[in-house]
Amino acid sequence: MNPGPAPEEGGDELPAVAPQLRDLRRRAGLTLEAAAARARLSPAHLSRLETGRRQPSLPLLLALARTYGTTVSELLGETPAVADPIVRAGGPGAREADGWTYWQAGGSGRGMQALRVHVPQGRGPGELVRVHPGEEWLYVLGGRLRLHLGEAEYLLDPGDSAHFDSLTPHRIKGADPGGADLLFVHTLLQSSVAGLCLGGATTTHHR
């Protein structure tokens, strides 16, 4: 898998992710090599993530969260001291990763994670394709979204939604210059194949 170009060093979008990645790997009892193999990364790439020399994209954060059986919120050190079933407007602020912007829309420590996400317009066929156990559901709030599922490609308009098995190779990207806004829910399951990242694109079109 080609991890893509590294962002500028010294960026402060995700300051907590490096130590959290290292601590979660150690708590899972995994060596750097074993964790990298499970997430389908090179040990050198995972080492750069753990030392803060490279910032992960949101899809990679989701894959690593599944590898360690946790949530993106915990990866970022955002787990609250007391569980609260309500997420208020104006609560946890926006996070940015590789052009994606997302906000927490559900509680931490649950069997599924809910996010509100802004996805930028796609930049080419080499973007990350993910495969992992579980299910995903998304609902388009604004803009148009391009969803690749296996060998099919779907164009979703505002009000459209999708619910699919995450073992189907998939990737999403905005179809318009302004990107797309969506609600995104995924289950959190830990397994030996969690976090698998594949390359390539598909071209069958619907709609």
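Visitor: Is glutamate 50 buried or exposed?
Guide: In this predicted model, the cut-off for a buried residue is a relative accessible area under 20%. Glutamate 50 has a relative accessibility of 5%, and therefore glutamate 50 counts as buried.

Visitor: Which side chain does glutamate 50 meet in a salt bridge?
Guide: The two side chains come together at 2.6 Å, taken from N to O, and the pair links distant parts of the chain, 25 residues apart. Glutamate 50 belongs to helix 3 (residues 43-50), whereas its partner belongs to helix 1 (residues 17-27). The partner is itself buried, with a relative accessible area of 9%, and its name is arginine 25.

Visitor: How many salt bridges does the structure hold?
Guide: One of them joins glutamate 50 and arginine 25. Another joins the side chains of aspartate 176 and arginine 144 at 2.9 Å, N to O, and glutamate 153 meets arginine 146 at 2.6 Å, N to O. The number of salt bridges in the structure is three.

Visitor: Where in the chain does arginine 144 lie, the partner of aspartate 176?
Guide: This pair links distant parts of the chain, 32 residues apart, with aspartate 176 in the loop between strand 9 (170-174) and strand 10 (180-187). Arginine 144 counts as partly exposed, at 31% relative accessibility. Its place is the loop between strand 5 and strand 6 (145-149).

Visitor: What is the relative accessible area of arginine 146, which meets glutamate 153?
Guide: Glutamate 153 is buried, with a relative accessible area of 6%. Arginine 146, on the other hand, is partly exposed, and its relative accessible area is 22%.

Visitor: Which residue is the bridge partner of tryptophan 137 in strand 8?
Guide: Strand 5 (residues 135-142) pairs with strand 8 in the antiparallel sense over five bridges, and tyrosine 139 stands opposite serine 161. The uncovered face of strand 8 has Ser161, His163 and Asp165, while Ala162 and Phe164 make up the covered face. The bridge partner of tryptophan 137 is histidine 163.

Visitor: How many residues of helix 4 are buried?
Guide: Helix 4 spans residues 58-67, and its buried residues include Leu58, Leu62, Arg66 and Thr67. Glycine 69, whose phi is positive, near 65°, follows this helix. Helix 4 is largely enclosed by the rest of the structure, because the count of its buried residues is 10 of the 10.

Methods: Residues are numbered from 1 along each chain as its sequence is written. This is a predicted model: local features need pLDDT of at least 70, side-chain atom pairs count only at pLDDT 80 or more; totals for chains, interfaces and linings use all residues. Side-chain values use heavy atoms; hydrogens and water are left out. Two strands pair if DSSP finds at least two bridges between them. Helices (H or I, at least four residues) and strands (E, at least two) are DSSP runs, numbered from the N terminus. Buried means under 20% relative accessible area, exposed over 50%, partly exposed in between (1.4 Å probe, protein chains only). A salt bridge is a side-chain nitrogen of Lys or Arg within 4 Å of a carboxyl oxygen of Asp or Glu.
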